[in-house]
Amino acid sequence: MSSQPMGATTSFRQWSFFFVVLVVLIGVGYLTLHSVPEKMAHENNHPQFQLVGILALLALFTHNGIFWVAAVLVAGFQFPDFATPMRNIADAIRSLGQSLAPQAPAEPTPPAPQTSTTSEQ
């Protein structure tokens, strides 16, 4: 005869199953939480989508919450586009400079040979 009561094995299996399911659910919740910034950036078609993904991945592997907060902030706000207006200004200045540039003078025509009408005698 065994010294354990009959229900001890059943109770152990139930608790083991409960804790395995609990660990899996906590893991799924943790990974889902870390993918929130990427989902936000993907839905908004954010120009810095790769940066958000890298920050979220760093937060996942380093367990450093500041990376996750930075990823949420970057995904949540659209930064203004400074490059396009500057490019337009540069193009306008370039075209203005080309239109005001002095035209190169045409090739000078060689002087016509002079004929003398007076004779020297």
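This is a predicted model: local features need pLDDT of at least 70, side-chain atom pairs count only at pLDDT 80 or more; totals for chains, interfaces and linings use all residues.

Student: Fine. How many helices and strands does the protein chain have?

Tutor: The protein chain contains 5 helices and 0 strands. Along the sequence the pattern reads α-α-α-α-α.

Student: Which residues of α2 and α4 meet?

Tutor: On the α2 side they are Pro37, Met40 and Ala41. Their partners in α4 are Trp68, Ala71, Val72, Ala75 and Gly76. By class, this contact of α2 with α4 comprises 7 nonpolar residues, 1 polar residue and no charged ones.

Student: And at what angle do the axes of α2 and α4 cross?

Tutor: The axes of α2 (residues 36–43) and α4 (residues 65–76) cross at roughly 15° and come within 9 Å. Angles under 35 degrees count as roughly parallel, so α2 is roughly parallel to α4.

Student: Is that crossing left-handed or right-handed?

Tutor: The crossing of α2 and α4 is left-handed.

Student: Now α3. At what angle does it pack with α2?

Tutor: The angle between α2 and α3 is about 175°, and their axes lie 9 Å apart. The two helices are therefore roughly antiparallel to each other.

Student: Which residues make that contact?

Tutor: From α2 there are Pro37, Glu38, Ala41 and His42, and from α3 there are Phe49, Val52, Gly53 and Ala56. The residues of the contact of α2 with α3 divide into 5 nonpolar, 2 polar and 1 charged.

Student: Changing topic: which residues form the largest nonpolar core?

Tutor: That core has 6 residues, namely Ala41, Val52, Leu55, Ala71, Val74 and Ala75. Two or more residues are given to this core by each of α3 (49–62) and α4. The largest share, 3 residues, comes from α4.

Student: For the whole protein chain, what percentage of the residues count as buried?

Tutor: Of its 121 residues, 12% count as buried.

Student: And what share of the contacts with a separation of 6 or more joins residues 24 or more positions apart?

Tutor: Residues 24 or more positions apart account for 50% of those contacts in the protein chain.

Conventions. Residues are numbered from 1 along each chain as its sequence is written. Side-chain values use heavy atoms; hydrogens and water are left out. Axes are lines fitted to C-alpha atoms, for helices over the stretch in contact, and angles run from 0 to 180 degrees between N-to-C directions. Helices (H or I, at least four residues) and strands (E, at least two) are DSSP runs, numbered from the N terminus. Angles under 35 degrees count as roughly parallel, over 145 as roughly antiparallel, 65 to 115 as roughly perpendicular and the rest as oblique. A crossing is left-handed if the near helix is turned anticlockwise from the far one by less than a right angle, and right-handed if clockwise. Contact means heavy atoms within 4.5 Å. Ala, Val, Leu, Ile, Met, Phe, Trp, Tyr, Cys and Pro count as nonpolar, Asp, Glu, Lys and Arg as charged, and the others, Gly among them, as polar. A nonpolar core is a set of buried Ala, Val, Leu, Ile, Met, Phe, Trp, Tyr and Cys residues joined through side-chain atoms within 4.5 Å. Buried means under 20% relative accessible area, exposed over 50%, partly exposed in between (1.4 Å probe, protein chains only).
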